[in-house]
Amino acid sequence: MRLGGVVIRIVIDPGHGGKDPGAAGNGLLEKNINLEISRRLAKNLSDYDVEVILTRDSDLYSDLADRCAMANKVKAHYFCSIHVNSGGGTGFESYIYSGAKADTENLRNTVHGAVAAYLRDAGFVDRGKKKADFYVLRETIMPAVLLENLFIDHKIDAASLKNPAFLDGLARAITGGLATALGLQPKISPASPPEKTGATPVKTAATAGTSQARAFLAAKNPKAPDYVQIYADLGAKYGIRWDAVFAQSCKETGFWKFGGLVKPEQNNFAGLGSFGGQKGASFATPSDGIEAQFQHWHVYYYGGNLPAGTKVLDPRRDAVIKSGWAGKLQYVEDLGGRWAPSADYGSSIVNDYMKVMQSLEVQTPAQPTSKPWDPAAEIAQLKAEGLIDSDHKPQDLVTWGEMATVLNRLRRQIKK
Ligand SMILES: [Zn+2]
């Protein structure tokens with residue numbers, strides 16, 4: 001995004017460093033976590049049209065005056081300082097300068113909201129939007145925010161701070177907040193994304209047939225309910241290949257045997273919201289549950305706009321949008337690592353489910369091409385249309401005179 005022809009510039013400030021470790025607890029040093037989060041943040045922001053400057057990109061000491069001078073010198077549009085809290089609390093809080101103006105406050109509200117939403121989903125409290133006379137907030141001439149991301153000396157907080165996937169998500173939440181606050185635009189990618197040979201596009205029509213899906217499921221679980229047509233119909237509605245979504249359900253429900261935390265009566269066939277020991281979302285009907293799953297794929301592929309008039313059913317929708325991963329999924333294989341925790345999640349859906357399903361040879365019942373032959377009805381139709389006058393039985397013999405008459409009457413009708 002450009003402001004009056006100027007590229008937007010963000011300074012990311014990983015707090016502490018070098019001889020200044022910051023807070024410590026549970027085997028962690030604050031300076032290292034701050035850098036971990038900041039590096040991820042800078043990497044994520046490289047997807048946007050924005051210039052990112054880190055006040056430090058290694059374990060180096062830099063005093064607060066130097067950090068502010070750096071941001072002031074490059075005339076940054078925003079300053080975002082990354083810290084971890086300590087002192088016997090838990091959760092997230094953000095700071096702006098006590099004398100901050102309204103624009104600083106507005107920007108902070110957006111960033112704070114995005115981060116707090118991610119952390120709330122992960123079970124952490126929002127300690128609120130605060131103001132303080134912190135050096136880096138006071139001495140920077142641009143709007144500035146300081147994020148205190150959980151407490152290093154709290155056991156549960158620290159456990160999350162040790163988890164790289166958690167830090168990835170946290171950085172994505174901050175990225176999403178900054179992108180929204182500053183109106184950052186994704187970098188313009190080449191007209192069409194490069195084709196990945198052999199990968200499985202999310203958007204195309206399904207390559208498995210409904211009878212293959214039924215056979216695939218029945219072979220693994222003959223008692224499984226038949227929702228295949230619901231998947232096929234919703235695939236058409238949402239523009240997402242239904243065979244991939246169906247395959248995901250087979251994987252998540254163990255072919256509708258439900259061995260995990262999610263129970264059949266929840267109608268949740270994709271484990272939506274069932275991470276971290278939570279039992280996950282429940283839906284009123286199987287159709288609603290499957291539609292929520294399609295909406296989840298839809299936001300991955302298409303981003304924030306659902307088909308017109310569609311009721312939002314996906315409980316994870318806002319989290320996906322805030323994470324910055326909305327609208328970016330191209331291939332089923334790419335689900336792993338970004339949209340799902342395990343790296344091979346997407347390739348497992350393709351190789352262990354979709355490919356097997358697509359390779360099944362299914363006998364399609366012969367389709368009757370027309371109604372059964374009904375000679376009496378044919379004769380009745382000739383009479384009704386005036387081609388014959390008298391009643392006839394199907395087995396009556398026909399004279400040449402009668403046949404010539406029928407043909408000539410027919411010819412006259414056609415000529416009219
Ligand atoms: Zn700190």
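**Exercises on a predicted chain**

Among contacts in the chain (C-beta atoms, placed from the backbone, within 7 Å) between residues at least 6 apart in sequence, 69% join residues at least 24 apart. The model is predicted: local features need pLDDT of at least 70, side-chain atom pairs count only at pLDDT 80 or more, and totals for chains, interfaces and linings use all residues. Residues are numbered from 1 along each chain as its sequence is written.

**Exercise 1.** Find which residues of helix H7 (residues 210–220) are buried, and where around the axis they lie.

*Solution.* Step 1: apply the cut-off for buried, 20 or more other C-beta atoms within 10 Å of the residue's own, with C-beta atoms placed from the backbone. Helices are DSSP runs of H or I with at least four residues, strands are runs of E with at least two, and both are numbered from the N terminus. Step 2: the residues that pass in H7 are Gln212, Ala213, Phe216 and Leu217. Step 3: these cover an arc (of the directions from the helix axis to the C-beta atoms) of only 130 degrees, so they lie on the same side of H7. Step 4: their cover includes helix H8 (228–238), helix H9 (242–253) and helix H13 (345–359).

**Exercise 2.** Work out which strands stand at the edges of the six-stranded open sheet.

*Solution.* Step 1: strands pair if DSSP finds at least two bridges between them. Step 2: the order is S6-S3-S7-S10-S8-S9, with mixed pairing. Step 3: strand S6 (51–54) and strand S9 (126–132) each have a single partner strand, so one side of each lacks a neighbour in the sheet. Step 4: S6 runs parallel to strand S3 (residues 9–14), joined by four bridges. Arg9 stands opposite Glu51 in S6.

Note on methods. Contact = placed C-beta atoms within 7 Å. Buried ≥ 20, exposed ≤ 12 C-beta atoms within 10 Å, placed from the backbone.
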